[in-house]
Amino acid sequence: MEELRILVPNGMLGYGFPQADFDRGMAQHPHAIIVDAGSTDSGPQKLALGSMTCPESAYEKELDILVPAAITAHIPLIVTSAGGDGTNQHVDLFAKLVRQIAAAHGLTLRLATVYSDVPKVQVQAALEAGQIQAMVNAPALTQAVIADTTVITAQMGAEPYLELLQSPTPPDVIIGGRTYDPSATAAMGILNGFDPALSWHMGKIIECGAICCVPAGKTVLGRLFKDHFLIEPMAPDSRALPHTVAAHTMYEKSSALVLPGPGGKLYLHDCEFTAATPRIASVTGSRFEPTPEYQVKLEGAKVVGYRAITIMGLRDPILLGQLDEILAALEKQVAAELPTEWAQSQVHLHRYGQNATMQQFEPTPTIPHELCLIAEVTAPDQDTALLVANRLRTTLLHYGYQGRIATSGNIGMPFTPLEIPLGEVCAFSVYHLMTISDPVGQFPVHIEEVPAQ
Amino acid sequence: MKLQDYAAVIRSKNSGPFELTFDILFKTAEDYHHFIAAGVLTPEKFAALYQIPVTDIITFEQFDAARGVKITIPRPWPQGSIGESDMHGSQQYAPLLGLDVPA
């Protein structure tokens with residue numbers, strides 16, 4: 001094969017894409033459609049509570065376009081990190097959607113599902129054996145943390161996809177659990193004999209769709225050759241420029257030059273980004289080196305409590321002028337009145353208008369003419385959180401601060417309920433590397449004929 | 001000239017749940033090289049701007065192909081959990097806007 005073409009409809013399944021751009025991509029006869037659905041960016045609640053990045057209907061709408069298109073064109077459709085977190089639960093949900101879509105369109109297909117939940121006993125044993133390494137700044141992993149974590153996933157590499165694709169009877173649709181974003185593209189490249197480094201690097205860029213282009217688009221075509229690859233946006237007015245494609249390599253990454261992944265690292269020090277045409281960028285010079293140990297990234301989250309907030313508007317300059325002292329006194333008084341509940345609670349007073357967004361990074365925490373104060377209370381149960389939030393608000397409401405001349409209430413209250421229950425608060429509890437011995441067998445596969453025979 | 005009038009892109013973003021990364025990209029290779037040569041931003045200056053020890057800086061690198069510099073530091077509070085104020089970490093770049101770029 002001289003050229004491998006991979007079509008990515010969008011950087012995140014469920015975020016939508018223009019049908020015309022996708023059709024333009026299909027007209028270029030891609031060898032696979034690959035789309036990722038995964039991210040930790042919107043928070044730990046997905047992993048901790050089993051929620052998804054997008055509503056089920058968003059995934060269904062897009063799969064309803066992608067599945068028939070792939071089957072009609074006789075090319076594989078690979079969806080990775082189902083649901084956003086890639087848990088077994090969401091792989092099964094996506095598989096169900098594929099079966100429904102196949103039935104609705106009268107399609108016959110072979111469906112493979114690849115699972116990435118890691119049994120807790122395996123993580124426990126790996127921790128005992130010293131085969132767990134914390135990512136930078138991540139909290140230490142303990143047996144207690146493993147027990148409290150809802151579910152633990154591992155990001156798979158290219159191997160599980162390569163194994164499926166090189167089978168004599170390869171699947172038509174693969175629904176993957178948690179996956180390192182470029183893995184499916186890397187597998188297609190390696191399968192067809194292309195340089196693994198270029199395969200990984202192209203995967204790294206196109207997994208985000210056309211956001212490396214200007215103006216940023218959704219659908220992108222990656223074209224892999226023996227010694228380079230091309231990035232081509234499918235929106236006609238969009239351009240992939242050498243420096244915007246290079247800049248995308250930096251996006252959301254700890255380093256722009258060294259990109260660690262399952263089983264190896266991609267080095268971009270010697271990469272060259274050039275213009276193949278005014279709207280197609282060409283990339284060469286990527287280098288991939290396997291690591292001595294095969295490590296996968298584990299992800300997991302847990303529920304850490306229940307949260308309530310209360311929102312308060314402050315406008316009095318006499319009060320605002322002594323805000324530090326007043327809020328310190330407020331906390332002290334509530335702690336004294338509710339000692340048990342206070343001891344169980346974590347209280348954050350967010351001062352919007354002063355330093356709420358940047359917190360300790362804020363270089364200019366000046367006193368504003370008005371301030372939105374949000375009291376955030378996290379406690380072991382919802383009622384306790386509401387009680388403490390309520391006491392903070394009612395105490396500040398009538399607090400007799402120094403020099404007060406308005407005695408009818410210190411805060412403007414915008415919304416009911418005045419205390420707002422927010423339910424569970426979650427936290428990433430597992431974000432660690434684990435050494436594994438079998439990059440294929442670690443991730444169980446199920447293959448089925450649709451409709452069932 | 002202020003960096004906000006000189007650079008093409010100034011941004012911050014999570015790099016995973018436990019790191020925060022900053023990118024500054026320039027309109028031309030000349031602007032990029034001038035920014036580097038003039039020493040507008042050093043690890044020490046960045047650390048002072050964000051009130052962190054310079055030893056906290058995880059990455060401080062230049063990427064010629066993108067005409068950009070990247071700085072990565074530990075995320076100071078846990079992503080999406082208690083006390084969060086910036087889920088994506090995308091609002092932490094403001095102190096960089098006012099950096100002075102000499103002519």
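In this predicted model, the axes used to describe packing are lines fitted to C-alpha atoms, for helices over the stretch in contact, and the angles run from 0 to 180 degrees between N-to-C directions. On that basis, helix 9 of chain A, residues 196–206, packs with helix 10 of chain A, residues 242–250, at an angle of about 90 degrees, and their axes lie 9 Å apart. Because angles of 65 to 115 degrees count as roughly perpendicular, helix 9 of chain A is described as roughly perpendicular to helix 10 of chain A. The residues that meet are A:His201, A:Lys204 and A:Ile205 from helix 9 of chain A, and A:Val245, A:His248 and A:Thr249 from helix 10 of chain A; by class, this contact has two nonpolar, three polar and one charged residues.

The other topic is the interface of the chains. Here 47 residues of chain B are in contact with 45 residues of chain A, and the area buried between the two chains is about 3,700 Å², with carbon and sulfur atoms giving 60% of that area. B:Phe18, B:Phe63 and B:Ile82 supply 20% of the area that chain B buries against chain A, which is more than any other three residues.

Between chain B and chain A there are two salt bridges, and the side chains of A:Glu252 and B:Lys13 meet in a salt bridge with an N to O distance of 2.8 Å. The count of residue pairs in polar contact between these chains, both at pLDDT 80 or more, is 28. Among the elements giving two or more residues to the side of chain B that touches chain A are strand 1 (7–14) and helix 4 (94–97) of chain B, while strand 4 of chain B gives the most, with six residues. The residues on that side of chain B divide into 20 nonpolar, 17 polar and 10 charged.

How values were computed:
Residues are numbered from 1 along each chain as its sequence is written. Chains are lettered from A and ligands numbered from 1 in the order in which they are written. This is a predicted model: local features need pLDDT of at least 70, side-chain atom pairs count only at pLDDT 80 or more; totals for chains, interfaces and linings use all residues. Side-chain values use heavy atoms; hydrogens and water are left out. Helices (H or I, at least four residues) and strands (E, at least two) are DSSP runs, numbered from the N terminus. Angles under 35 degrees count as roughly parallel, over 145 as roughly antiparallel, 65 to 115 as roughly perpendicular and the rest as oblique. Contact means heavy atoms within 4.5 Å. Ala, Val, Leu, Ile, Met, Phe, Trp, Tyr, Cys and Pro count as nonpolar, Asp, Glu, Lys and Arg as charged, and the others, Gly among them, as polar. Buried area is the accessible area (1.4 Å probe) that two parts lose on being put together, summed over both. A salt bridge is a side-chain nitrogen of Lys or Arg within 4 Å of a carboxyl oxygen of Asp or Glu. A polar contact is a pair of N or O atoms within 3.5 Å; within protein, one must be able to donate a hydrogen and the other to accept it, and residues adjacent in sequence count only if both atoms are side-chain atoms.
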